[in-house]
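Subject: Handover of a structure

Dear colleague,

Please find the structure below, together with its sequence.

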Amino acid sequence: MKNKKSSAWKSIQIGLAVLFGLFVYAYGFDVTQVNLEELRSERRQESLTRVTRTLAKPDLVTYDKQEAIVNAPLYVPCPQLVNLPAADTSTHYLVIEPSCGNPGDTVQVEGFNFPPNIEGPIRFVPGSDPLNVVALGRESIKTDSDGHFTTSFVLPDRLSDEPQFLRVTISENVGAPRFTQNAKDTWDKIIETVFMALLATTAGTILAFPLSFIAARNLMKSVRSPLTSVSLSVLGWPIGLGIGYFIVNQVGAFSIPLSENIFINLVSVAATPLVFWYCVRWALPQEETKIPSTLLRVSRMLVLFVAILIAFFGFFQLAGLATNISLGIEKSLGALGFLATFLFQVSDILRIITPALGALAAGGALSSFLGRIGQRTAEKSPADKVKLINLILASVAGATLFGLSGWLVEWLYQVGQIEYTFWVPVLSGAVLGLLLAVLTKPKSTLPTGMVVYSITRTILNALRSVEALVMAIVFVIAVGIGPFAGMMALGLHTIVSLAKLYSEQVESIMPGPLEAITATGANRLQTIIYAVIPQVIPPYISYTMYRWDINVRMSTIIGFVGGGGIGFLLQQNINLLNYRAASTQMIAIAIVVASMDYISSVLREKYV
């Protein structure tokens, strides 16, 4: 009995599930406005046929045209005596039956000795001058394989006692075929598209590579630090960023006058790597026979600091040298002038990123240094002392972190009330930091790795949810219409997409090598270099190649909002209803995408 009831209940459940599914799909049809009747309408079918036939004739080649105008006389209305000259049958000619009529009458027009399979307009020319530029009508003719056509023409309301004319204008192809201007423009834009995707993929890969390691759960899960270390690390980042940015900018200001002298420029670029190398070797010796004194340690730290300043000075001098070389060779390169432009742009990039790199390096170094101090303090100090330190440092760190967040909110929304955008976040952060210090045991560790992992993943997911098309709109506002905006949009989308793929690959590595390297006492950087990277390089290469393929296809859409590339030309021709030109761009996109797919598959098979 129970089995029968159970079977009946399952049947009812299945029936209800089917009904619910039908309801969902019915609502989906209604929302998406499915209407096959519109597809079957004669008007839609005619438009579809016309556009499809036009797309099948891409605007790739053209010929020089030789135009011929054929006029045939007729009377409107009919005179008492029709006296028209006989047509010259040795060339193109028209026969009109009847050769006269009243307005609104239909005459039959035949053409002979025309080129085969051509189309052209047929117009009514009022007046007695056959060369009159005024022509009436919208009809056209199409010749058969013998160069003959037959058509009808309705006479307009243009009365005259003198002969008037019907005119057929034809164009013949002469000479060899040549590429159209549209084909040349398509070639230029498809090359622009490929290299736009290449630069975006390269920039995205460089930045996604380090991000993938902090977005990998298996690497970050084991990272734990005491609250003292975390608080000092949080305080170290903004302080280090500000100090580093200021100092490196001062180094850049000092180097600008020196970079104007080409001799000093060359010497600086050649000497700074050597000086940096010897300073680092002295400050960080590989072996030591005895424990260094305090004075020696301080001296080494000062020398290392000077070496870093020298390195940044060398970056600025390298940028100046690239500028000097580009300006010196620009005129002499001629068609290769883009090389000079490339050097100039590279120098500009170096000047922009060097202060940013200095800020990040100082922020990371100071954060790491203070974090180590916090780690030692938490390990060696008594618990009650660590508790007091945690209460102070956590409050200050929380106030700093929330205060910076409030400043960002004020910059974005311009609230104009500092008590809400600064003091409230600062006090809230201090209270939360204090509560964290109260609730946390003095020497217990916090899952800082998982916090960093969660924040990184959240940011990557948020950015990845924004389509590259939307990013392109923002970058078009920032840098203007053109491929640079498209490259930046694709680059940002590449960073967040590859960082996710890379990190998931890191999470799937074999744990054996990781545990073996960790057991030797290797630090985190050494563990990543020797245990993680060798396992992920092949899939990283595969993902990068595939991303280039994706960027080529995405760049066709980026152009629709002004992001450059072939999409810009395609959108322009579609808007102008120039489907033959648009067909050329579609063929170019298909060829490039197919070629990219073939090339990437060959490279993956060979190197991955």
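The crossing of helices α12 and α14 is left-handed, a term used if the near helix is turned anticlockwise from the far one by less than a right angle, while clockwise would be right-handed. This is a predicted model, in which local features need pLDDT of at least 70 and side-chain atom pairs count only at pLDDT 80 or more, whereas totals for chains, interfaces and linings use all residues. Residues are numbered from 1 along each chain as its sequence is written, and side-chain values use heavy atoms, with hydrogens and water left out.

Helix α12 covers residues 448-464 and helix α14 residues 483-507; they pack at an angle of about 135°, with their axes 9 Å apart. Axes here are lines fitted to C-alpha atoms, for helices over the stretch in contact, and angles run from 0 to 180 degrees between N-to-C directions. That angle makes α12 oblique to α14 (under 35 degrees counts as roughly parallel, over 145 as roughly antiparallel, 65 to 115 as roughly perpendicular and the rest as oblique). Helices (H or I, at least four residues) and strands (E, at least two) are DSSP runs, numbered from the N terminus.

In the contact (heavy atoms within 4.5 Å), Y453, R457, L460, L463 and R464 of α12 meet residues of α14, including L492, V496 and E507. The residues of this contact of α12 with α14 divide into 6 nonpolar, 3 polar and 5 charged (Ala, Val, Leu, Ile, Met, Phe, Trp, Tyr, Cys and Pro count as nonpolar, Asp, Glu, Lys and Arg as charged, and the others, Gly among them, as polar).

I turn next to the sheets. An open sheet of 4 strands has the order β1-β7-β4-β5, with antiparallel pairing (two strands pair if DSSP finds at least two bridges between them). β1 (61-74) and β5 (140-142) stand at its edges with a single partner strand each, so one side of each has no neighbour in the sheet. Between β1 and β7 (residues 164-179) there are 13 bridges, and E67 has S171 in β7 as its bridge partner.

Another open sheet, of 3 strands, is ordered β2-β3-β6 and is also paired antiparallel. Within it, 6 bridges join β3 to β6; Q108 is partnered by S152 in β6.

Finally, the structure holds 1 disulfide (a pair of cysteine sulfur atoms within 2.5 Å). C78 and C100 form it, with their sulfur atoms 2.0 Å apart. C78 lies in the loop between β1 and β2 (93-97) and C100 in the loop between β2 and β3 (106-112), 22 residues apart.

Yours sincerely
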